[in-house]
Amino acid sequence: MLKRANIAAYKFASLVTILCAGGLVALVCTNVFARYVLAISILWSEELSRLLFVWVVFLGAYVALYRKAHMAVVIVIEALPPTTRRVLVLLGLVLVLAFLAVIGFAGARLAWTAYSFGRQTPILGISAAWGYLSVPVSSALMSLRLFEDIREAWIGVAKPDHPQAESSAP
């Protein structure tokens, strides 16, 4: 069930990330064209661009975590005996999970504060909480993936963290 939830979350987050990134590029290009060719400016484009960028960054971090595409130096881990390697991988995953809990909680508090004080963006007039909400959402998604990784590492079916690690084996 955890695996299916992760797959569904990954597909949805990937789609949203692609749509946000595409919208961001289109919006910025349109605003540049309007400003330098038509000599007008789209006032709300800067705020919307910033909001889209924040969501692309945080959802993109989740997508990269899901794909195990973050940079990793695995030479030390691969040189260790399997039992030690497993313990260190589990420890690392638990530490990342703890970090995500801290930033997720802080992001949720910040989003709630912005919402409860009625803080709005100056031009769009939407709640500033929408930007801050990307932090707890992505933290929750990353935590969901890490729970699956921890489970796999615990039972000993974890694959190498870095895709090139598989191909470098003799």
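Let's start with what lines the second largest pocket: 8 nonpolar, 4 polar and 4 charged residues. Here Ala, Val, Leu, Ile, Met, Phe, Trp, Tyr, Cys and Pro count as nonpolar, Asp, Glu, Lys and Arg as charged, and the others, Gly among them, as polar.

Before I go on, this is a predicted model, where local features need pLDDT of at least 70, side-chain atom pairs count only at pLDDT 80 or more, and totals for chains, interfaces and linings use all residues. Residues are numbered from 1 along each chain as its sequence is written, and side-chain values use heavy atoms, with hydrogens and water left out.

Back to our pocket. Of its 16 lining residues, Arg50, Arg119, Thr121, Ala128 and Gly131 lie nearest the centre. (A pocket is an open set of points on a 1 Å grid over the protein atoms alone, where a 1.4 Å probe fits, with protein on both sides within 12 Å along at least five of seven lines; lining residues have an atom within 4 Å of a point.) Which helix gives the most to this lining? That is H2, with 5 residues. Helices are DSSP runs (H or I, at least four residues), numbered from the N terminus.

H2 also has a partner, H6 (residues 134-155): their axes, lines fitted to C-alpha atoms over the stretch in contact, come within 9 Å and cross at roughly 5 degrees. The two helices are therefore roughly parallel, a term for angles under 35 degrees.

Glu148 is in H6 and Lys3 in H1, so the pair ties together parts 145 residues apart in sequence. The whole structure has 6 salt bridges (a side-chain nitrogen of Lys or Arg within 4 Å of a carboxyl oxygen of Asp or Glu).

Definitions and conventions: Axes fitted to C-alpha atoms, helices over the stretch in contact; angles between N-to-C directions. Parallel < 35°, antiparallel > 145°, perpendicular 65-115°, else oblique.
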